[in-house]
Amino acid sequence: MTKSGPKSIFSLEVEKDNGQIRICAYTKSSDDEKTVRQYETKDVSDAEIDRTCSAIVNLLNRANGRGRLDRHALEELKISGRLLYDAILPPQVKKKLAAAETDRLIVIVDDRLVHIPWELLFDGNSFLCRRFNMGRLVKTSQRVSNAAVRKLQKPLKMLLIADPKNDLEDAYMEGVGLRDELDKNLDIIEVNLRSGMVDATSVKGALRNYDILHYAGHADYDRTMPAESGFLMHGGKLTAADITDMTGPAPLPALVFSNACRSGHTDIRKVGEDYEDEIYGLANAFLLAGVQHYIGTFWDVQDEPSHYFAEDFYKELIKGSTVGEAVKKARQGSIERYGEETIIWASYMLYGDPTARYVEGQQSRETDPWMESAGAADAEHEQEEELAGSVRGSNTEIVFPRKRNRWLVVGSVLLIMLAAILILPLVRTPKDNTPAKPESFSMETEKTARQKRTDELVAGLIKDYRENQKRGERVTTSAARTGPPTLVFLNIRANGMSEEDIEYILTGVTGMLRQSKSVQVVEREIIDKLLEELRLSSSQLADPAKVLEIGKILTAQIISTGSISRNGREWQVSLRFIDTETTTIQAALTEIIESADKEKVVSVLGKEILNKIRVEKN
């Protein structure tokens with residue numbers, strides 16, 4: 001993690017002392033460190049501040065089920081924000097803030113002032129969180145961890161926990177959508193999605209292995225025992241006390257993003273009078289334990305808007321935006337998508353330095369990496385890509401219509417070649433007058449013949465591929481067939497298991513798919529031989545464009561890529577299915593299988609994949 005360049009930042013250092021607020025306001029650049037700074041004092045009325053904060057709470061609670069205020073209520077929110085602005089800030093501070101030429105703001109407060117919605121102070125033209133890339137730093141007398149600052153490098157590692165109790169469908173869909181979106185940038189960020197029956201113990205065991213933690217699910221605030229507040233998991237809670245216990249020299253994630261709703265308020269979305277204490281209660285535990293940035297909401301945000309807010313934030317973060325800039329752009333994206341009256345933009349706050357950057361340099365990644373590998377799309381595909389561009393739900397089937405085109409002959413020939421590898425060993429018979437050879441000799445002969453056919457097939461595929469390259473033609477697939485679609489498993493990452501285990505799983509699933517006659521699967525031997533001939537390493541296969549290219553060389557219509565993880569009896573499967581011609585993610589499969597029996601894992605996984613893929617009838 002790095003600080004951004006020499007651009008200046010405006011700081012508000014605020015302390016409370018005996019009925020007064022003391023504020024030091026100044027603009028600072030990276031090479032400007034003054035020895036003495038002037039501060040202003042202002043007599044404040046705690047009762048007046050509390051009344052104004054309560055008015056803001058009441059206004060937010062008037063939002064309907066979609067989090068939408070009427071225009072009159074939005075104007076009232078601006079009035080209350082202006083009253084709070086006038087009540088807290090001395091005239092000289094307001095003058096400096098109005099004249100600030102930077103778009104970066106840090107509010108440094110003592111922990112007695114976290115209840116004030118600093119983001120919603122209104123200066124007469126704009127809310128502070130709309131004008132600035134804004135973050136909070138907190139001064140506290142509590143013991144702060146001296147854990148080493150987490151060193152970040154690409155690809156960033158994200159642990160994405162979505163619907164860990166298996167009771168929030170929208171949280172699950174948020175997780176799938178985020179994972180699929182971020183998987184378009186595997187060179188920058190790698191996401192491990194865990195969903196359904198996720199317990200706190202497994203999360204604590206894995207947490208230090210990740211740079212970012214994103215949580216979508218229930219949260220609980222315990223007013224009587226704040227240390228017991230936390231994220232609800234299967235069979236228990238990941239509490240603030242648990243996070244405190246993890247304090248030590250090994251760093252926790254640098255960034256925690258909590259897209260959580262409070263467990264006691266899932267049906268009635270209300271902002272509590274102590275909303276700031278609720279978010280700060282859990283944020284405080286993470287920050288004291290060494291987390292650098294915490295993003296949370298102080299009320300139960302709506303599922304769809306919160307999903308897009310998080311998606312917009314991460315898109316900006318991995319482009320190279322600072323954390324504060326990413327939050328601000330996500331606010332703006334929410335306003336553009338839903339309108340200013342839908343107050344999701346007002347529901348988020350950032351604890352931490354807003355000038356920190358998680359990815360070096362501004363990167364332009366407007367183009368989907370799957371699309372980059374394919375080059376400019378053919379005109380005949382433009383309408384299809386537009387319709388298929390959105391991420392689909394995990395229960396979406398991939399439907400392949402039966403149609404014919406100029407690639408039919410080529411596709412049929414290649415399909416026959418693939419089928420021959422399976423069929424020829426079964427039809428070999430000895431000549432009438434030739435005695436049968438011993439079984440071991442026959443098996444060895446067939447193995448040699450099978451290897452020869454594989455070598456010849458791969459050599460032909462590579463020859464065609466290289467000739468196309470010389471002619472400057474991009475790789476295409478014979479997507480339209482009269483038979484079942486062809487699928488290839490590529491770059492399936494295995495965690496917590498041996499190579500033999502993952503090979504057993506994939507071989508078993510391949511057998512099930514073939515027996516169903518609903519899908520043709522490219523053999524592992526052919527894949528391994530092709531990768532060997534192209535001299536591709538596993539690190540190169542982390543590039544989505546390269547995976548897509550290999551899938552097209554193998555004339556597969558569908559690429560399945562992702563990961564299979566094992567933790568004791570629990571198998572976590574996370575797969576995406578990509579259409580090689582349109583380059584879109586057609587479906588996602590996230591499944592947790594509880595079993596020590598690998599045969600059961602094969603059976604469940606094979607059935608789930610068959611549910612995703614079918615051929616449309618004529």
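**Exercise 1. Nonpolar cores**

The largest nonpolar core comprises 72 residues, and those with the most contacts inside it are Ile88, Trp118, Phe231, Ile243, Phe286, Tyr294 and Trp345. The model is a predicted one, in which local features need pLDDT of at least 70 and side-chain atom pairs count only at pLDDT 80 or more, while totals for chains, interfaces and linings use all residues. Residues are numbered from 1 along each chain as its sequence is written, and side-chain values use heavy atoms, with hydrogens and water left out.

Solution. 
1. A nonpolar core is a set of buried Ala, Val, Leu, Ile, Met, Phe, Trp, Tyr and Cys residues joined through side-chain atoms within 4.5 Å. Buried means under 20% relative accessible area, exposed over 50%, and partly exposed in between (1.4 Å probe, protein chains only).
2. Helices (H or I, at least four residues) and strands (E, at least two) are DSSP runs, numbered from the N terminus.

**Exercise 2. Salt bridges**

Task: State how many salt bridges there are, and determine where the partners Glu190 and Lys157 lie.

Solution. 
1. Side chains of opposite charge can pair when their charged atoms come close. A salt bridge is a side-chain nitrogen of Lys or Arg within 4 Å of a carboxyl oxygen of Asp or Glu; by this rule the count is 26.
2. In the bridge between Glu190 and Lys157, the closest N and O atoms are 2.7 Å apart. This pair links distant parts of the chain, 33 residues apart: Glu190 belongs to strand S8 (residues 189-195) and Lys157 to strand S7 (residues 156-162).
3. Glu190 is partly exposed because its relative accessibility is 23%; Lys157, at 30%, is likewise partly exposed.

**Exercise 3. Bridges within a helix and in a network**

Task: Explain why Lys315 and Glu311 are separated by about one helical turn, and name the residues of a salt-bridge network.

Solution. 
1. Lys315 and Glu311 meet in a salt bridge of 3.6 Å, N to O.
2. They are four residues apart in helix H9 (residues 303-319), and therefore about one helical turn separates them.
3. Lys315 is partly exposed at 30%, whereas Glu311 is buried at 11%.
4. A network of salt bridges links Glu13, Glu15, Asp17, Arg22 and Lys139.
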